Amino acid sequence: MNPLEGRSVALGVSGSIACYKAVDLASKLVQLGARVDVMMTEAAMEFVAPLTFAAVTHRPVVESLFDPKSEISIDHVAIAERADAVVIAPATAQTIAKLALGLADDPIGATVLATAAPVIVCPAMDAHMYDNPATQMNVETLASRGFVIAGPAEGRLASGLMGKGRLIETAEMVGHLRLALGRRGSLAGRKVVVSAGGTKEDIDPVRFIGNRSTGKMGYAVAEAAIDLGAETVIVAAPNALQPPVGARVEAVRSALEMRDAVLAESSDADAVVMAAAVADWRPRERSASKLKKGGRSSFSLDLERTPDIIAEVERRGLVKVGFAAESDDVLANARKKIAPKGLDLIAANDVTAPGSGFGSDTNRVTLIDRGGNVEELGVMTKYEVGRRILDRVASLLGCPAARRDAQPPAR
Ligand code: CTP
C-alpha cells in the first residue's frame, strides 16, 4: 500500500542551485506510487539536465510550451487537468513573481493557471531576495489565493550566507503534498487523536520507569490519518520521531499527563486510537533530589496504579481503538480488554513474534471488534496497519468512501 498510489503530481522545477534536491523529490514521489510529470524552466535546465528527471520518473519532461515531444504542445492544459496536486520545487523569486502575476509564458505558469488542484510552492533563493518586499508581497499574494507556501528553511545558503532561503527537505515537501492530497480522504472533516510512545514515570530527577515503545506504531497511525484527511493530534510520550506534516503534537511524559491530554483532545474528537504503551504503575512519591544508595544493599519502590486512560474516555459516538501488546495467549488476552475499556476495536499483536513489536517497521496484528469478529492482518508495515485500522474507524463512523475521484476542490 503506497500512500501516493495512483496519484498524479505535476512537479514544476525552476532555476536554483536547489534543483538537485528536486531530483530526490521526484524519485521519492515515484517510489511512493505517484505518476510525476516534471516541467522545467529554461533556467532549471542550466542546473540539471531534463534527462535526469526523465530517468527517475520514467516520463518525458516538459521543457517548453512549444516542445513537440511533449503532450503540452498538443494540449497545453493536459497536465493541469490530470494533476491531483502541483508542486513547485524549487520555486525561485522569478517563478513566484510570475505566478503572482498569473503569467502563462512557460509550462509551470500555464499549468498553475489552468489547474483546480492544490498548489504547493517551495521557495528557494538567496535570503536577501526572499526578504525583499517584492518577493514577500508575491508570496503573500499566493498564500491569500490558497497556495500552500512550504518553507523556505533557515540555514546555510549556497552564497555562504546564513539565512532564510533554503529549500525544505524532501520529507517535508512530501509531507505537505500528502496533507494536501488527503483533504478529500474518507476522514475529511473528522478529528482523530492518536497516542504514541511509552510513558515515563519519574522516580527522581535522574531515573524513571519506562518501557520499550518507540512510538513508531502511533506515528504510523497518525500518518495514515493525515493521508485520509483527518485533523490529527498526536499525544506523544517522549520519542525520537519526526511527526507527519499537518499533525499537531501534544507532548507529554507520564501516564497522568497523557490522561489529561487524551481526555482534553477527545472531547471534540471522532476517534481515539491508543497506540501508546502506558505505564500501569508509577512511584507513589517522586523524590525531588537524586536518591543515594546510602550503604543499602536493597531498595524497594512503592508503586501505585495509573488510571486506565482509554477506559476513562467516554463520549457518545466516539470510536475507541486500543492495542494489546501481548507475549502469551494474544487473542484471549486482547478479547478480555474490549469490554472493560469500552473499545470498538482492538489491535492485538504478539510482541515476541518475528516482524512484530517494538522498534520494528512492520507489525503483525489481529483486529477484534466488540462483536468478537476477528480479522487477521498478515505481516505488513506499521503504516499499512494504521490504514487498515482507520478504514475500520471510517466505516464505524459511517464516513463516505474517499472522494478522490470526485470533482476537484477549489483551492
Ligand atoms: N491503556 C490505557 N491506560 C493505561 C494502560 C493501557 O489507556 N493505564 C491502553 C493502551 O494504550 C492500549 C490498551 O489500553 O491501547 C491495552 O493496553 P495494555 O498495556 O495491553 O493493557 P493493560 O490495560 O495495561 O492490561 P495488562 O497490563 O494487564 O495486560
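How many residues surround the ligand, and which are the closest? The shell holds 15 residues, and Met274, Ala276, Pro307, Lys337 and Lys341 are the closest; a residue is counted if one of its heavy atoms lies within 4 Å of the ligand. The model is predicted, so local features need pLDDT of at least 70 and side-chain atom pairs count only at pLDDT 80 or more, while totals for chains, interfaces and linings use all residues. Residues are numbered from 1 along each chain as its sequence is written, and side-chain values use heavy atoms, with hydrogens and water left out.

The shell can be described by its residue classes and by the elements that supply it. It divides into 9 nonpolar, 2 polar and 4 charged residues; here Ala, Val, Leu, Ile, Met, Phe, Trp, Tyr, Cys and Pro count as nonpolar, Asp, Glu, Lys and Arg as charged, and the others, Gly among them, as polar. At least two shell residues come from each of helix 12 (309-312), strand 16 (319-326) and helix 13 (330-341), where helices (H or I, at least four residues) and strands (E, at least two) are DSSP runs numbered from the N terminus. Strand 16 gives the largest share, 4 residues.

A ligand oxygen lies 2.6 Å from an N or O atom in the side chain of Lys341. Polar backbone atoms take part too: one of Ala276 is 2.8 Å from a ligand oxygen, and one of Ile310 is 2.9 Å from a ligand oxygen. Of the 570 Å² of accessible area that the ligand has on its own, the protein covers 75%, by the Shrake-Rupley method with a 1.4 Å probe.

Methods
Polar contact = N/O pair within 3.5 Å; in protein donor to acceptor, adjacent residues only side chain to side chain.
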